[in-house]
Amino acid sequence: MPPPTPPPTPPLRWPKIALVLVAIFVLACVLFMIKEVKRVRRIRKESTDLRTSALQTAPAPAVPAGKPPDLSWTNGMIWIPGGTFLMGSEDGQADEKPVHRVTLDGFWIEQYEVTNERFEQFIRATGYLTVAERKPDAKDFPGAPPGKLVPGSIVFTPPPGEVPLDDHFIWWKYVPGANWRHPEGPDSDIKGREKHPVVHVAWFDAMAYAKWAGKRLPTEAEWEYASRGGQEQQPYVWGAEQLPDGKWRANIWQGRFPNENALADGYRLTAPVGSYPSNGYGLYDMAGNVWEWCSDWYLPDYYERSPPRNPAGPDTSFDPNEPGVPKRVQRGGSFLCSDLYCKGYRPSARMKTSPDTGLSHSGFRCARSR
Ligand SMILES: [Ca+2]
């Protein structure tokens, strides 16, 4: 009998199990690694995004701070808004006609006439010598005796009695040594008159001051527009009535000119600036106190052909009373304005003076565009 066939050895199961376990382990590792890689990528991306957004929302790097614009020059100035007005008057002198429409851009203008105090700051800062303080050049005065060529200025000198009003040489005298520091001559001074308008200022002096102050002189049209204070065609800068409430609104001359000053307005010569009420724009002494230089040349018939927008004056000058002497415009009248004489304190009244001449009633105020 053949030996019994041993039963077949059952195949070993553990290597299979081990293989399956290894496979599962490897798969788990692969899955874990994939997950880890994804996680690391996500973290990296998030941190990059955070950095980017932080950069985007961070305040802009500080720009070196520029100096803020210096607007101190506007102190004491009033902004006059641009507009259209009727310039001139049909009731005044011939050179105030015709009344014509003028349109102006807005501009700044000083509230007060330039005072002695302020003018002194300019002189101290620059060492400027006014025309009245310089020795007249013999070239400009052919035939004048050399002894007469001395620094000085023209001073109002009232005559003792009544005089005809057709010869202003009677009350104007050239006084050696008169200038802005010595308004009535070498024996006078400006002590106590610090707030009074500076006088004996030639147009050249006013221009030099304006340049120093970073400003300019107003044009004649700007000056008249500003003086009217927003009112149309009124005879006075304060309105229609000459003496509202029976009170003078300007430092002019009352009484018989030029020898009797009734002083109804309180002042014989200049008054401290701002002694009377302002006009509608808040500007003081736009009538009376001192005449004020404008930038324009003077022509009596300029209004017949002046441009309607921002007129800046003619490029030439002519005064029929003194042919051959070019003159610049002055406005506003002075403490010498009399109803008997020129009534020059009306807003439309025009005055003309040689730019190298200061007088004891000539001052100015400045303007600026922006
Ligand atoms: Ca004035």
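This is a predicted model: local features need pLDDT of at least 70, side-chain atom pairs count only at pLDDT 80 or more; totals for chains, interfaces and linings use all residues.

Mentor: Let us begin with a sheet. An open sheet of 3 strands has the order β1-β4-β11, with antiparallel pairing. Strands, like helices, are DSSP runs numbered from the N terminus; a helix (H or I) has at least four residues and a strand (E) at least two. Two strands pair if DSSP finds at least two bridges between them. In general, strands of a sheet pair through backbone hydrogen bonds, either parallel or antiparallel.

Trainee: Which strands stand at the edges of this sheet?

Mentor: β1 (77-80) and β11 (367-368) do; each has a single partner strand, so one side of each is left without a neighbour in the sheet. β1 is joined to β4 by 4 bridges, and the two run antiparallel. I80, for instance, has F107 of β4 as its bridge partner.

Trainee: Which helix packs on the sheet?

Mentor: α4 packs there, touching β1, β4 and β11, and its direction makes about 75° with that of β4. Such axes are lines fitted to C-alpha atoms, for helices over the stretch in contact, with angles from 0 to 180 degrees between N-to-C directions. Two residues are in contact if their C-beta atoms, placed from the backbone, lie within 7 Å.

Trainee: Is α4 largely enclosed or left open by the rest of the structure?

Mentor: A residue is buried if 20 or more other C-beta atoms lie within 10 Å of its own, exposed if 12 or fewer, and partly exposed in between. In α4, 8 of the 8 residues are buried, so the helix is largely enclosed by the rest of the structure. Among them are E220, W223 and A226. Across the protein, buried residues make up 35% of the 370 residues.

Trainee: How many residues does the largest nonpolar core have?

Mentor: In soluble globular proteins, nonpolar side chains tend to be buried together. A nonpolar core is a set of buried Ala, Val, Leu, Ile, Met, Phe, Trp, Tyr and Cys residues joined through C-beta atoms within 7 Å. The largest one here has 66 residues, and those with the most contacts inside it are I109, V201, A206, L217 and A226. β3 (100-104), β4 (107-110), β5 (152-156), α3 (203-212), α4 (220-227) and β7 (291-297) each supply at least two residues of this core. Leaving aside residues up to four places away in sequence, V201 touches T130, W180, A206, G358, S362, G363 and F364.

Trainee: Which way do the residues of β8 point?

Mentor: In a regular strand the side chains alternate between the two faces of the sheet. In β8 (residues 328-331), R328 and Q330 point one way and V329 and R331 the other, and all are buried. β8 runs antiparallel to β7, with 3 bridges joining them, and Q330 is the bridge partner of W293. β8 also pairs with β9 (residues 350-353) in the antiparallel sense over 4 bridges; there Q330 stands opposite M351.

Trainee: What is there to notice in the backbone angles?

Mentor: Most residues other than glycine have a negative phi, and most peptide bonds are trans. The peptide bond from K97 to P98 is cis, with omega near -5°, and P98 lies in the loop between β2 (83-87) and β3. Phi is positive in D245, near 60°, and in N289, near 70°.

Trainee: Is D245 buried or exposed, and is N289 buried or exposed?

Mentor: D245 is exposed, with 6 other C-beta atoms within 10 Å. N289 counts as buried, with 34 C-beta neighbours inside 10 Å. D245 has its place in the loop between α4 and β7, and N289 is also placed in the loop between α4 and β7.

Note on methods:
Residues are numbered from 1 along each chain as its sequence is written.
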